[in-house]
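Below are my notes on the model you sent.

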Amino acid sequence: MAVQGTAEIVLIYIVGTLGMIILAGAVFFFFVTYQKRLLKKELEINKIKSDQQEEILKNTILAQEKERKRIAQDLHDEVGAMLSVVKLNVSRFERKSENDSAKELANETKTYLENVITQVRRISRALMPPSLEKLGLDFAVEEFVNWANKSGQIEVEYWKSGQPLRLNSKKELAVFRVIQELVNNAIKHAGASKILIKARFTPVSIAISVTDDGVGFEMDKMTKTGLGLKNLESRAQIMGARIKINSSPGKGTSAILLISSLE
């Protein structure tokens, strides 16, 4: 009798233990499953947010480019044309005037107008270079470098290897904007005196580097606060490219843009 009672107690203990183990396993399985679902949902939400931010950024950049194109067109067609007419009128006045002082003033005014017209053309080309759409990225970069060197304040070189090839217009514009912004940053913020742009063209990829001898900066600080760097990274991301920037105080800055998808 005592043996039977002991066996029942042992059986109850075993069954109870197994029940507790099964219950614990069920709770653990539910917890793990719930965590996976929660993580999956969080990833889906983050992806939606990321897609929305990317879409907003794309639309913002497209709107900027559209506005730049409009302003460039207005500068070239309207402002440039009006300045040219004023210059012609000043030249006519200079020829007809018999007063030496008036002629001298007209000549100075004409010179000033020529400088203004040149600046208007430069700004128009910077906003939307016509050669980019007509002749492609390689020619537009060469033209941009020539205009930059005309100031006489900085030396910009452009080296290339391989056979230059055409991309779709949006991608070419995006690449040009990255080069343009890197050069402008080197001139305005880094105080560079020399800038070297290198482009390597292959049938499947394009690699572009921009190096300057400016003051440089601390990467950690600039990564956290630099809107310019974020803008460059965003432009690269949108066109399916990668950009890597290296800099340190007193050692200049170098940036490499790799476009592996040419479609």
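1. In this predicted model, the largest cavity is lined by Leu137, Asp138, Val141, Tyr158, Ile179, Ile197, Lys198, Ala199, Phe201 and Ile208. Its volume is about 40 Å³. The structure holds one cavity of 30 Å³ or more. H4 and E2 each put at least two residues into the lining, and E2 contributes the most, with four.

2. Helix H4 covers residues 137-149, 13 residues in total. From first C-alpha to last it reaches 18 Å, close to the 18 Å expected at 1.5 Å a residue. The buried residues of H4 are Leu137, Asp138, Ala140, Val141, Glu143, Phe144, Val145 and Ala148. On the spacing of such positions: an α-helix has 3.6 residues a turn, so residues three or four places apart point the same way. Note that the buried set includes Asp138 and Glu143, and that Asp138 is also among the residues lining the cavity.

3. The largest nonpolar core has 39 residues, of which Val175, Ile195, Ile197, Ile208 and Leu257 touch the most other members. At least two core residues come from each of H4, strand E1 (155-161), helix H5 (169-188), strand E2 (194-201), strand E3 (206-212), helix H7 (227-238), strand E4 (242-247) and E5. H5 gives the most, with nine residues.

4. Isoleucine 208 deserves a separate look. Neighbours within four places in sequence aside, isoleucine 208 is in contact with Leu137, Val175, Ile179, Ile197, Lys198, Ala199, Ala255, Ile256 and Leu257. Of these contacts, Leu137, Ile179, Ile197, Lys198 and Ala199 also line the largest cavity, as does Ile208.

5. Is threonine 253 buried or exposed? Threonine 253 has a relative accessible area of 12%, under the 20% cut-off, and therefore counts as buried. This residue is found in strand E5, residues 253-259. The side chains of threonine 253 and serine 247 are joined by a polar contact of 2.9 Å. Not counting residues up to four places away in sequence, threonine 253 touches Val210, Thr211, Asp212, Gly216, Phe217, Ile245, Asn246 and Ser247.

6. Proline 203 lies in the loop between E2 and E3. Its relative accessible area is 77%, over the 50% cut-off, so proline 203 is classed as exposed. The C-alpha atoms of proline 203 and glycine 162 are separated by 8.8 Å, while the two residues are 41 residues apart along the chain.

Terms used: Residues numbered from 1 in each chain as written. Predicted model: local features only at pLDDT ≥ 70, side-chain atom pairs only at ≥ 80, totals over all residues. Heavy atoms only, no water. Expected span 1.5 Å × (residues − 1). Buried < 20%, exposed > 50% of the residue type's maximum accessible area, 1.4 Å probe, protein only. Polar contact = N/O pair within 3.5 Å; in protein donor to acceptor, adjacent residues only side chain to side chain. Contact = heavy atoms within 4.5 Å. Core = buried A, V, L, I, M, F, W, Y, C linked by side-chain atoms within 4.5 Å. 1 Å grid on protein atoms, 1.4 Å probe; cavity = no way out; pocket = protein on both sides within 12 Å on 5 of 7 lines; lining within 4 Å. Points joined across faces, edges and corners; volume = space filled by probe spheres on them.
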